[in-house]
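Subject: Structure handover

Hello,

Here is the structure I promised you. Please open it and keep it on screen while you read the notes below.

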Amino acid sequence: MTKIHIFDTTLRDGEQVPGCRLNKEQKLILATQLEKLGVDVIEAGFPVSSPGDFQSVRELGQKIKKSTVCGLSRAVKNDIKVAAEALEGCARPRIHTGIGTSENHIKYKFKSTEEQILERIKDAISYAKSFVEDVEFYAEDAGRTRNEFLARACQTAIDAGATVLNIPDTTGYCLPYEYGEKIAFLAANLKGLQNVIISTHCHNDLGLATANSIYGVINGARQIECTINGIGERAGNTSLEECVMTIKQHDELGFYTDINTPLLQETSNMVSREMGMIVQPNKAIVGSNAFAHSSGIHQDGVIKERSTYEIIDPAEVGVDKSSIVLTARSGRAALAFRLKEFGCEVTKLELDALYERFLQLADEKKEIREEELTFLSENKDSIYAEYSK
Ligand code: KIV
Ligand code: ZN
């Protein structure tokens, strides 16, 4: 089995969501949880962007001992110097530096040429190496960069000492096979990769971020950059929990991560709370409906044997149990199951009576909650008497 490193960027790329800015204390709380979760790298912030972010990276760098702590910078000397200062005293510091490599970025953002971009990569990586050993290069908009030029940019970074090559699909444009081919092209054509890790960094503009990251790994990437709950600019980043659980569920792929998966739900809740950003109910793995069953056919199956409609045991991701949600689409088996949970055992005939009453209530309400279940169980005898008349 091959280890896939998990690089969490909730506190940097994730925190770029409008209105979700975190203060230093919040970053420290979340970083401590991320370390407990077992992430290999925590991208703590962009130190040159504000004094607050500088201070967060600095304090986080002093506190976190097991995970690598990473600070972002552009391929600009002052950014790199400030990132290095923020990381002083850190047990495992990493500087993450880079520049746009697509024709679009070179022409419109930098008004530059490919040769000048290569020069800037060489200078930035060499400069970052003068501060720390672990330097990650990012080729912004690699998703739309021609593979030949991307390889030249990455080779320049390796030759200057980069330890990790980050291949961001910044605009979430790539198709999974295309992103996979990009990684495979780099893995096949770069020299000196023995001690260098290729990393995925996918955005979710087309809803393909997880699929692209997994294709990246299948094709040679050994690090995934991701965020809790998939938060991030626009449609977000690759979701950590989705990648980790995909790798875990598909052990035939031959990969593993060091993530302590029973902490996933708790971590998701913490990020949602600290950022004031709700998680969509149908979000894979951590959404409130991820282990909820509401249609009669599914409920009947899950009550008989959980695996009929669930591929993950909820306990594996820190969820107590699957839930049987009662709606007008639920059947007798689900009602009997929920009543039993309530301590109310019923005979077949009593169930018929309660079910009739249940359907009347369920047609009026979206969901039958504890209140209605209490009513049904407390009035079981009179409902049955009425039904039997
Ligand atoms: O999406 C991206 O290109 C990034 C880089 C700055 C790493 O977040
Ligand atoms: Zn990004």
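By class, the residues around ligand 1 split into 2 nonpolar, 5 polar and 3 charged. Keep in mind that this is a predicted model.

Which residues surround ligand 1? They are Arg12, Asp13, His96, Tyr138, Glu140, Asn166, Pro168, Thr170, His201 and His203. Two strands each give at least two residues to this shell: E6 (134–140) and E7 (164–169).

Now look at the polar side chains. Arginine 12 has a side-chain N or O atom 3.0 Å from an oxygen atom of ligand 1. For aspartate 13, a side-chain N or O atom is also 3.0 Å from an oxygen atom of the ligand. In histidine 201, a polar side-chain atom lies 3.1 Å from a ligand oxygen. How much of ligand 1 does the protein cover? On its own, ligand 1 has 260 Å² of accessible area, and the protein covers 93% of that.

Next, go to helix H13. This helix runs over residues 348–364, which makes 17 residues. From first C-alpha to last, H13 reaches 25 Å. That is close to the 24 Å expected at 1.5 Å a residue.

Which residues of H13 are buried? The list is Glu350, Leu351, Asp352, Ala353, Leu354, Tyr355, Phe358, Leu361 and Ala362. Their cover includes three helices: H12 (332–341), H14 (370–378) and H15 (380–388).

Best wishes

Terms used:
Residues numbered from 1 in each chain as written. Chains lettered and ligands numbered in written order. Predicted model: local features only at pLDDT ≥ 70, side-chain atom pairs only at ≥ 80, totals over all residues. Heavy atoms only, no water. Near = heavy atom within 4 Å. Polar contact = N/O pair within 3.5 Å; in protein donor to acceptor, adjacent residues only side chain to side chain. Areas by Shrake-Rupley, 256 points an atom, 1.4 Å probe, with all protein chains shown as cover. Helix = DSSP H or I, 4+ residues; strand = E, 2+ residues; numbered from the N terminus. Nonpolar A, V, L, I, M, F, W, Y, C, P; charged D, E, K, R; others polar. Expected span 1.5 Å × (residues − 1). Buried < 20%, exposed > 50% of the residue type's maximum accessible area, 1.4 Å probe, protein only. Contact = heavy atoms within 4.5 Å.
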